[in-house]
Amino acid sequence: MSTLVLLLITGVGLGALYFLVASGLSLIYGLMHVLNFAHGAFLSLGGLLGWEVGRRVGDGTWGGLLVSMLVGMLVGALFAIVTELVFIRRLYNRHIEQVLVTVGIGLAAVALFEGIWGSDPIITTKVPWLRQTTEVVGARVPNHIWLLIGVAVVVLLAIVLFLRFTRFGLVIRAGVENRTMVTALGIDVRTAFTIVFAIGGAAAGLGGVLASVYYGNVSAHQGTSLLIYAFIVTVIGGLGSLTGAAIASVLIAVLQQLANFYLGGTGDLIIVLALAAVLLVRPSGLLGRAA
Amino acid sequence: MSALLHVEGLRARVGGQQVVEDVSLDVADTGVTALLGRNGVGKSSTIKAILGIIERDGTVEFDGRPIDRLRTDRIVRQGVAYVPEDREVFASLTVEENLTLATRQAAPNRGLVDELFPELRERARQRAGTLSGGQQQMVSLARALLNDNRLLLVDEPTKGLSPRLVGEVTRVLRTAAEQTPMLLVEQNLQVVREIAQDVVVLSGGRVVHRGAALEFLDDQDLVHRHLGVAA
Ligand SMILES: Nc1ncnc2c1ncn2[C@@H]1O[C@H](COP(=O)(O)OP(=O)(O)OP(=O)(O)O)[C@@H](O)[C@H]1O
Ligand SMILES: [Mg+2]
């Protein structure tokens, strides 16, 4: 019983991490039809620079962590904005080329990060409280899980409120549905593209800092491995659907944890099977619109 | 009377297929110019090409200035409103959100829109995707009429509407055209007769007739040859 509780709660925590990456992927795809393979690099750089600045401010302190998170978001957002303005925008409506460019940026960025920080994971220092556990129905849940869940919920709420109550949010929601018609109402939809990239990049950069808390290390590759799960989650949730991405993140991460524990480390296999099953039954994903 | 919109040698492709071959036409600076032709001759594509929604080349001049190199949103912001075939309302947004999104000026013509479409006010919080076809058409027209435009491009506004609604929409179009010149694609020739002064007839992506509306509509032979129906 306590094992099940532990697996469920840590699964939700891992899902929170997936969501931070998947939210941006889903928004970017929904509005621009770009599968952004550079997204993992936003995460890695956010994690690395967040760690560099945070440990100077206060290694293993709340203040240092908070600064890391802010730096991670800022770095992720800036990296994403530059990517959109310099590369994606020039390839307007050329989706294949856009995807290829993001693959290139992803690969080049990881190589660059390796050049600077090396290819081995760097162990990070955790805030003492995050190293401890809290007992829930007999299960000893690592405290960093609460941080992950809390931050992901705040990010989800912030994005939802932004989409619902701002002019840009309105443009983005409309653009996800029918971009041509948004343009035909006299709206320069490219501003919305940049904003979506910025939001996605900020969430990914924040995800990078939280990944370093979760795994206890930062590395040039962290984003790349998380990106694969995030893509799966995005597709299962329905490309373009934020709520779908949130639900799928939690479902998949929980499933992964359970399979890893009860079915002899088959978590990754189970995820791929889940992806196949969803695509067979609902090709547009759980909450996706039919193409 | 002079031309507000001047189109010459317009060509456009969709999906690798040439759908607008060579269109030259003028839209007068008052009243309604109707763009006619059988199904699939390229009427909608001509309008989309004027707006740059599909790739085009040729000359398009609006009020004497070329707009054929401009992005769609820049053209629209010059005061060219578009009411597309099949409405294209944002189904997941409410009626109110559809209208807010379409508003380009600080003081939109809310009074006019409320007066023309009282129903939309009652349904402000309803998702546009759950509206009837007729109500969606009202949203689509309202999105255009909220702003002070200099030209309206309206594509088959009465398509699929009941006779009563056709009358209603015709009335709205007539009111709108008193203020703003209009290029109107319309299959219902009775509507054309009621509100259009000029006609341009397309066939196979080319203009095959141009002239006064009533003269064309009263020529049974011409109408039959170009539209395949009796006027
Ligand atoms: N996306 C597309 N791919 C391929 N062909 C297209 C596409 N859109 C339009 N066409 C073709 O272009 C031609 C012109 O289409 P268009 O919609 O402009 O005609 P229309 O005169 O508006 O017809 P209707 O009266 O039926 O609305 C048609 O033959 C149509 O099949
Ligand atoms: Mg048409």
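Colleague: If a salt bridge is a side-chain nitrogen of Lys or Arg lying within 4 Å of a carboxyl oxygen of Asp or Glu, how many salt bridges does a search of the whole structure find over all chains?

Modeller: This is a predicted model, in which local features need pLDDT of at least 70 and side-chain atom pairs count only at pLDDT 80 or more, while totals for chains, interfaces and linings use all residues. Residues are numbered from 1 along each chain as its sequence is written, chains are lettered from A and ligands numbered from 1 in the order in which they are written, and side-chain values use heavy atoms, with hydrogens and water left out. Over all chains, the number of salt bridges found is 19.

Colleague: How far apart are the closest N and O atoms of A:Glu52 and A:Arg55?

Modeller: Helices here are DSSP runs of H or I with at least four residues, strands are runs of E with at least two, and both are numbered from the N terminus. A:Glu52 and A:Arg55 are separated by about one helical turn because they stand three residues apart in helix α2 of chain A. An α-helix has 3.6 residues a turn, so residues three or four places apart point the same way. Between A:Glu52 and A:Arg55 there is a salt bridge whose closest N and O atoms are apart by 2.7 Å.

Colleague: Is A:Glu52 buried or exposed?

Modeller: Buried means under 20% relative accessible area and exposed over 50%, with partly exposed in between (1.4 Å probe, protein chains only). A:Arg55, at a relative accessible area of 31%, is partly exposed. The value for A:Glu52 is 16%, so this residue is buried.

Colleague: What is the relative accessibility of B:Asp73, which forms a salt bridge with B:Arg77?

Modeller: Both residues lie in helix α2 (residues 72-77) of chain B, four residues apart, about one turn of the helix, and their closest N and O atoms are 3.1 Å apart. B:Arg77 counts as partly exposed because its relative accessibility is 44%. B:Asp73, in contrast, counts as buried, with a relative accessibility of 2%.

Colleague: Which residue of chain B forms a salt bridge with A:Asp188?

Modeller: Across the interface of chain A and chain B the rule finds two salt bridges. A:Asp188 also belongs to a network of salt bridges that links A:Asp188, A:Arg190, B:Arg71, B:Asp73 and B:Arg77. With closest N and O atoms 3.4 Å apart, the partner of A:Asp188 is B:Arg71.

Colleague: About how much area do chain A and chain B bury between them?

Modeller: With contact taken as heavy atoms within 4.5 Å, 18 residues of chain A are in contact with 21 residues of chain B. In chain A, A:Glu177, A:Met181 and A:Leu185 lose the most area to chain B, together 33% of what that side buries. Buried area is the accessible area (1.4 Å probe) that two parts lose on being put together, summed over both. Between these chains, with 61% of it on carbon and sulfur atoms, it is about 1700 Å².

Colleague: Which helices does the buried part of α7(A) pack against?

Modeller: Helix α7 (residues 167-177) of chain A is mostly covered, eight of its eleven residues being buried, among them A:Leu170 and A:Arg173. In chain B, B:Glu97 in helix α3 touches A:Arg164, A:Leu170 and A:Arg173, residues up to four places away in sequence being left out. The buried residues of α7(A) pack against α3 (95-102) of chain B together with four helices of chain A, namely α1 (2-32), α6 (143-165), α8 (179-183) and α9 (189-215).

Colleague: Which protein donors does the magnesium ion (ligand 2) have?

Modeller: Donors are N, O and S atoms within 2.8 Å of the metal (3.2 Å for Na, K and Ca), and water is not among the atoms, so sites may look incomplete. The protein donors lie 2.0 to 2.3 Å from the magnesium ion and are B:Ser44 (OG) and B:Glu85 (OE). The pair links distant parts of the chain, 41 residues apart, one in helix α1 (residues 43-51) of chain B and the other in the loop between β6 (80-83) and α3 of chain B.
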